[in-house]
Amino acid sequence: MRYHPIPVEMFQQHRRQFAQAMQKNAIAIFNSNDRMPRNGDQFYPFRQNSDLFYLSGIDQEETILVLFPNCIKEDFQEVLFIRKGNEKLATWEGHQLDKAEATRLSGIQKVYWLDEMEYILHELLLLAQAVYINTNENDHYRSELQTRDLRFAHYLKKRYPGHRYLRAQPILKKICMRKSPHEIDLIRQAVNITGEAFRRVCQFVEPEVWEYEIEAEITHEFISRRANGHAYHPIIASGANACVLHYGDNNKVCKEGEVILLDFGAEYGNYAADLTRCIPVSGRFTNRQKAVYQSVLQVMQTATQLLQPGVSLEDYHEEVGRLMEKELLDLQLLSKEDIQRQDPEQPAYKKYFMHGTSHHLGLDVHDLSNRYQAIESGMVFTVEPGIYIPEEKLGIRLENNVLITEDGVIDLTANIPVEIDAIEAMVQTSQLA
């Protein structure tokens, strides 16, 4: 791992929180992610299952965590199973964690090799009355591939049909939404790295640069600052490409007079940043680009202050929609007649602003959450309004990352320039050099 060691008490706290929410005499089992095949004999770079990492701090494949708070067998309330290294593995793949290292990273005292798991886990399961299984319950998750957690759940249900089976995700969603101070520090680090990459881009951009060259500059900055890499596939969208919400080709030349929409974020210690900024290829925005930009900025700034403890996300998004409606009227993109004739289920503003404004941020860029739970202090959100005008080949989206506290919102991205004058000054300085 590139990132600095994470305090073990963070993972210990997460396990305590999960254990306190479990039913009595129940056991919970969490699997690492698979190594995903790429082609031939190659694999995609491994990225740990967020839930297992959240509870253990172990960043290695073929890992299984077992939590059994009421276990009557002494010292078996927490058990970790890891892959046993050998000389061949060390030669081909490098160092594998030993038991002492796994304990140091996780705080779990009972660590066994994975090939010892069958008999140990069998005994523990016979002592339990219920089993928490962990499956991906992200609202937007769609995949035909079965995760290790899901395959393991099928195996358990077939071999131990008499047990009650419970869902781990509702507990995880409840505790993951509120970030601990250590987690906030990790997100801050990811945000700071992302900010440095943005400054690098502003010094690099000029007419005729390719979108993928900008992506390369960002990647360089991320890796050189000990980030894992990108928290998600970066969007480097110039001109009309900015109107494609999940544009990812990044293969167009950036032309004079266009605006580049940059949506990217570093992943540090497996925690994500999620930033969006827009910059003029030529160093200056046109008057029309400025007007649209300023409208988006005004919505973002006002929306940020609406994120308060006790507010429901549904009410928040409705209020942001009203803010955006006013800006679109001022920009003459909507008329009063459009508003009067609109379908309440599909408001007129959605023609130009068709996505949500905020989502939870943490180990995942769209972090584990319950969208129907009211906002609480300790939650971290994005704020990302946008206006997309395909007929003008212009898309503006601005995105900050904020921490909710009882005393107000803390903008974690406050040090990353967003005002028009600051953006123009940064780009112009590089082009005059």
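Asn250 is buried, at 0% relative accessibility, where buried means under 20% relative accessible area, exposed means over 50% and partly exposed lies in between, for a 1.4 Å probe and protein chains only. Asn250 sits in the loop between strand S10 (235-238) and strand S11 (259-264), the strands (E, at least two residues) and helices (H or I, at least four) being DSSP runs numbered from the N terminus. The structure is a predicted model, in which local features need pLDDT of at least 70 and side-chain atom pairs count only at pLDDT 80 or more, whereas totals for chains, interfaces and linings use all residues. Residues are numbered from 1 along each chain as its sequence is written, and side-chain values use heavy atoms, with hydrogens and water left out.

Although Asn250 is not a glycine, its phi is positive, at about 50°. Most residues other than glycine have a negative phi. Asn25, likewise a residue other than glycine, has a positive phi near 60°. Asn25 is placed in the loop between H1 and S1 and is partly exposed, with a relative accessible area of 22%.

Two packed helices are described by the angle between their axes and the distance between the axes. The axes of H1 and helix H7 (residues 169-176) come within 10 Å and cross at roughly 130°, the axes being lines fitted to C-alpha atoms over the stretch in contact and the angles running from 0 to 180 degrees between N-to-C directions. That angle makes H1 oblique to H7, since angles under 35 degrees count as roughly parallel, over 145 as roughly antiparallel, 65 to 115 as roughly perpendicular and the rest as oblique. The crossing of H1 and H7 is right-handed, meaning that the near helix is turned clockwise from the far one by less than a right angle. His14, Gln17, Phe18 and Ala21 of H1 make the contact with Ile171, Leu172 and Ile175 of H7, contact meaning heavy atoms within 4.5 Å. By class, five nonpolar, two polar and no charged residues take part in the contact of H1 with H7; Ala, Val, Leu, Ile, Met, Phe, Trp, Tyr, Cys and Pro count as nonpolar, Asp, Glu, Lys and Arg as charged, and the others, Gly among them, as polar.

H7 is mostly covered, six of its eight residues being buried, namely Gln169, Ile171, Leu172, Lys173, Ile175 and Cys176. These buried residues of H7 pack against H1, strand S1 (26-31), H2, strand S7 (130-133) and strand S8 (164-167).

For helix H5 (residues 117-127) and helix H6 (residues 148-159), the axes come within 13 Å and cross at roughly 60°, which makes H5 oblique to H6. The crossing of H5 and H6 is right-handed. On the H5 side the contact is made by Met117, Glu118, Leu121, His122 and Leu125, and on the H6 side by Phe152, Leu156 and Arg159. The contact of H5 with H6 has five nonpolar, one polar and two charged residues.

Aromatic pairs number 11, under the rule that rings of Phe, Tyr and Trp (its six-membered ring) pair if their centres lie within 6.5 Å, with planes under 30 degrees apart counted as stacked, over 60 as edge-to-face and the rest as tilted. The rings of Phe11 and Phe53 have centres 5.4 Å apart and planes at 80°, so this pair is edge-to-face. Because Phe11 lies in helix H1 (residues 8-21) and Phe53 in helix H2 (residues 50-56), the pair ties together parts that are 42 residues apart in sequence. Phe11 is buried, with a relative accessible area of 2%, and Phe53 is buried at 0% relative accessibility. Tyr349 and Phe353 form a tilted pair, 6.2 Å centre to centre with 35° between the planes; Tyr349 is buried at a relative accessible area of 11% and Phe353 is buried at 2%. Ring pairs also link Phe18, Phe30 and Tyr132 into a cluster.

Ile58, in the loop between H2 and strand S4 (64-67), is buried at 0% relative accessibility. Not counting residues up to four places away in sequence, Ile58 touches Gln48, Leu52, Phe53, Thr63, Leu80, Leu97, Ala102, Leu105 and Ser106. Ile58 and Phe11, 47 residues apart in sequence, are 9.7 Å apart in space, C-alpha to C-alpha.
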